[in-house]
Amino acid sequence: MLGLIVKNIIRRPVRNGALILSFAFIAASLFSGSYLLAGASDSVKSGISRLGANIIVVPQNDTAESENVLLRGEPSTFFFDNSVVPQIENVSGVEEVEPQIFVATLAASCCSLPVQIIAIDPSRDFTITPWLTKNQEKPLGMDEIIVGSKIPGDVGASLTFYGHSFTIAGKLEPTGTGIDTSVFVRTQDAYVMAEESKEKALVPIEIPQGVVSAVLVRVSDPRDAANVSYRIMNQIPGTRVLTTSTLVSTVADQLAGTIRIMNLLALVATLVSLPLIALISVMGANERRREIGVLRALGATRTKIFQLIIGESVAIAAIGGILGIAVSWIILVMFQSYIAILTRIPLAIPSAGSFLSIAGTAFIITVVVGGLAALYPAWRSALMEPYEAIRSGEL
Amino acid sequence: MIEAMGLVKTYHDGEREIRPLDGTDFTCSTGEFVLIVGRSGTGKTTFLNILGGLTRPTTGTVLVAGKDLIAISDADCARLRYQSIGFVFQFPGLLSTLTVIENVTLSIGIAGSGPVDVNRARNLLERVGLHEKAMSLPSQLSGGELKRIAIARALMNKPALILADEPTADLDVDTEREMMELFREINRAGTTIVMVTHNLDLASYASRVVRMEKGKLVPV
């Protein structure tokens with residue numbers, strides 16, 4: 001019977017092609033929304049994991065700016081007093097802290113867009129130094145920088161910021177977050193650059209002494225991160241805590257509008273397509289009355305007729321589902337950067353596990369819709385008396 | 001082979017009751033070639049379809065190959081059609097999406113189990129003179145060719161009984177003669193045939209001829 005289903009689908013290309021496109025649209029709508037959310041979520045997780053921190057403490061008044069830096073790579077400059085660093089170190093459950101200074105450049109020789117300079121202290125750093133040691137077996141030297149994946153230039157190339165020349169010592173893997181457009185320098189080099197900018201740069205930069213922009217925190221027990229976050233905010237006034245879950249939640253909130261539209265699209269596509277597909281199935285079953293009668297005369301039982309019609313619809317839905325998922329996936333991957341800019345969210349290609357889960361769910365829902373749409377015509381065809389089917393139908 | 005007693009079939013066309021069969025009795029022994037003649041609209045096709053289990057009589061009993069078609073379940077009736085009955089309709093009844101050989105072997109795919117005997121299908125196509133058309137689609141064949149393929153399909157499961165409804169309608173005289181020769185050959189090989197036609201000229205091919213009149217069968 002499988003062979004008959006396949007031949008019926010192949011040799012009725014126009015009607016089945018239209019049905020396949022309808023199912024492809026349903027599958028694409030279902031897949032795209034979930035894929036974007038998973039891509040954003042995975043992007044944030046991979047970005048935070050790249051930083052190696054469980055918690056990021058930022059100035060309470062500059063939370064939005066710090067989220068912009070981390071999630072969207074929108075350069076920003078903000079500080080708070082570095083007296084918070086020992087206070088954070090003293091909070092119960094904190095294992096290690098790393099202060100960083102964020103400086104936004106207005107323009108740089110390297111790029112047409114501003115970049116985010118992040119000054120780190122190599123003696124306390126657990127973000128860049130371990131990565132550099134692992135990859136190049138040497139710590140970050142004087143006037144050396146590590147750049148994100150979207151900063152142009154290879155290892156060994158020179159980049160100038162505020163008249164100060166730096167050498168690229170390493171390039172990070174893409175994360176889909178603000179890290180991709182960031183430049184990591186040593187704190188002391190950042191201060192030298194700021195000092196030199198007074199003479200060399202058209203618009204000088206000022207980095208006050210005794211400030212930090214963010215404090216990356218590694219906790220003793222990652223399962224206790226939420227409690228440590230709570231303690232930091234309670235004990236140290238003027239701080240705000242960012243964790244992977246709060247950042248994912250921020251991104252999800254931002255994506256909510258887009259996801260709502262995608263889900264609405266999927267719902268509308270399903271609600272519009274379902275009766276249309278059902279109608280086409282009913283029409284198809286009516287057109288094939290005599291064929292059904294002949295099959296019954298040849299010995300097919302009612303169950304076989306039911307299975308044949310449901311099987312055809314499910315197979316068409318499956319082909320449409322695969323097509324819709326494949327095409328929407330290709331489009332989402334091809335236009336990933338554009339979508340990220342448009343939606344202002346970090347976007348990475350979801351992990352294989354996430355992809356399989358999202359694609360599998362979209363596929364199963366599409367196939368179920370296909371089966372449901374054919375239920376009535378299949379039931380009606382199966383119950384039809386063979387002689388009546390032969391007499392009233394055409395072949 | 002067939003024993004039908006007191007068959008009545010009624011339809012309703014609005015308020016009007018139509019009674020194509022009105023107490024029809026019929027018996028047919030194994031190996032017979034019975035021709036049922038009669039004018040159009042006298043209930044011949046309805047009667048043939050009752051014998052094939054494709055519709056049920058309003059009242060009466062039908063025994064085919066020892067099975068009571070009124071008493072058995074729909075699934076058992078389908079099994080009986082698959083195992084013991086071959087149908088040749090007035091229209092060829094071939095599926096347009098399948099090739100000739102796929103049409104001939106269709107019953108095994110849709111109702112049977114086990115492998116398809118392609119060699120038998122090819123032999124049957126050779127027997128009806130169309131082995132070279134095995135891979136053609138029905139749309140590429142003439143009316144006479146389509147009807148011969150329908151016969152090959154009816155013979156695929158080696159049925160004990162063939163029910164043929166006006167199989168030579170719309171055919172030219174030569175093709176009609178070829179078809180009837182083929183039916184005679186099939187009958188001589190041991191298959192019982194009950195054929196409905198309005199053409200009394202075909203009587204010479206049959207072992208017995210009966211006429212359908214006012215819902216009853218009478219000898220000719």
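# Chatting through a two-chain model

Modeller: In this predicted model, chain A has a radius of gyration of 30 Å, whereas a compact globule of 395 residues would come out near 21 Å.

Biologist: Okay, and what does chain A span along its principal axes?

Modeller: The C-alpha trace of chain A spans about 95 × 45 × 35 Å along those axes.

Biologist: How many helices and strands does chain A have?

Modeller: Chain A comes to 14 helices and 11 strands.

Biologist: And which domains does the assignment give for chain A?

Modeller: There are two entries in the domain assignment: domain 1 of chain A covers 2–44 + 250–392, and domain 2 covers 49–242. Taken over C-alpha atoms, the centres of domain 1 and domain 2 of chain A are separated by 47 Å.

Biologist: How many residues does each domain of chain A put into the contact?

Modeller: Domain 1 of chain A puts in eight residues and domain 2 of chain A puts in six. On the domain 1 side, the elements giving two or more residues are α2 (13–51) and α8 (244–287) of chain A. That side of domain 1 divides into five nonpolar residues, two polar and one charged.

Biologist: Switching to chain B. How does its radius of gyration sit against the globule rule?

Modeller: Let me start with the elements: chain B has seven helices and 10 strands. Its radius of gyration is 17 Å, close to the 17 Å that the globule rule gives for 220 residues, so chain B is as compact as a globular protein of that length. The C-alpha trace of chain B spans about 50 × 40 × 35 Å along its principal axes.

Biologist: What share of the residues counts as buried in chain A, and in chain B?

Modeller: In chain A, 47% of the 395 residues count as buried. For chain B the figure is 47% of the 220 residues.

Biologist: And how much of the contact list joins residues at least 24 apart?

Modeller: In chain A, 81% of the contacts between residues at least 6 apart in sequence join residues at least 24 apart. In chain B, residues 24 or more positions apart account for 70% of the contacts with a separation of 6 or more.

Biologist: Now the two chains together. How many residues of chain B are in contact with chain A?

Modeller: 23 residues of chain B are in contact with 23 residues of chain A. On the chain B side, α2 (74–84) and α4 (106–111) are the elements that give two or more residues, and α2(B) gives the most, with six residues. The chain B side divides into 12 nonpolar residues, eight polar and three charged.

Biologist: Which residues touch the most other members of the largest nonpolar core?

Modeller: That core has 178 residues, and A:A27, A:V57, A:I145, A:V217, B:I36 and B:L51 touch the most other members. α2(A) gives the most to this core, with 16 residues. Each of domain 1 and domain 2 of chain A supplies at least three residues to this core. As background, nonpolar side chains tend to be buried together in soluble globular proteins.

Biologist: I'd like to click on B:L51. What does B:L51 touch?

Modeller: Leaving out residues up to four places away in sequence, B:L51 touches B:I2, B:A4, B:V62, B:V64, B:L163 and B:V194.

Biologist: How do β1 and β4 of chain B run relative to each other, parallel or antiparallel?

Modeller: Strand β1 (residues 2–13) and strand β4 (residues 59–64) of chain B run antiparallel, joined by five bridges. Within that pairing, B:E3 stands opposite B:L63 in β4(B).

Biologist: And what does β4(B) do with β5(B)?

Modeller: β4(B) pairs with β5(B) (residues 67–68) in the antiparallel sense over two bridges, and B:V64 has B:K67 in β5(B) as its bridge partner. The two strands form a hairpin with two residues between them, and B:A65 in the turn has a positive phi of about 50 degrees.

Biologist: What about A:D143, what is its phi?

Modeller: A:D143 has a phi near 60 degrees, again positive in a residue other than glycine. A:D143 lies in the loop between α5 (129–136) and β5 (144–147) of chain A. With 16 other C-beta atoms within 10 Å, A:D143 is partly exposed.

Conventions:
Residues numbered from 1 in each chain as written. Chains lettered and ligands numbered in written order. Predicted model: local features only at pLDDT ≥ 70, side-chain atom pairs only at ≥ 80, totals over all residues. Contact = placed C-beta atoms within 7 Å. Helix = DSSP H or I, 4+ residues; strand = E, 2+ residues; numbered from the N terminus. Nonpolar A, V, L, I, M, F, W, Y, C, P; charged D, E, K, R; others polar. Buried ≥ 20, exposed ≤ 12 C-beta atoms within 10 Å, placed from the backbone. Rg over C-alpha atoms; globule rule 2.2 N^0.38 Å. Pairing = 2+ DSSP bridges. Domains from an automatic or database assignment. Core = buried A, V, L, I, M, F, W, Y, C linked by C-beta atoms within 7 Å.
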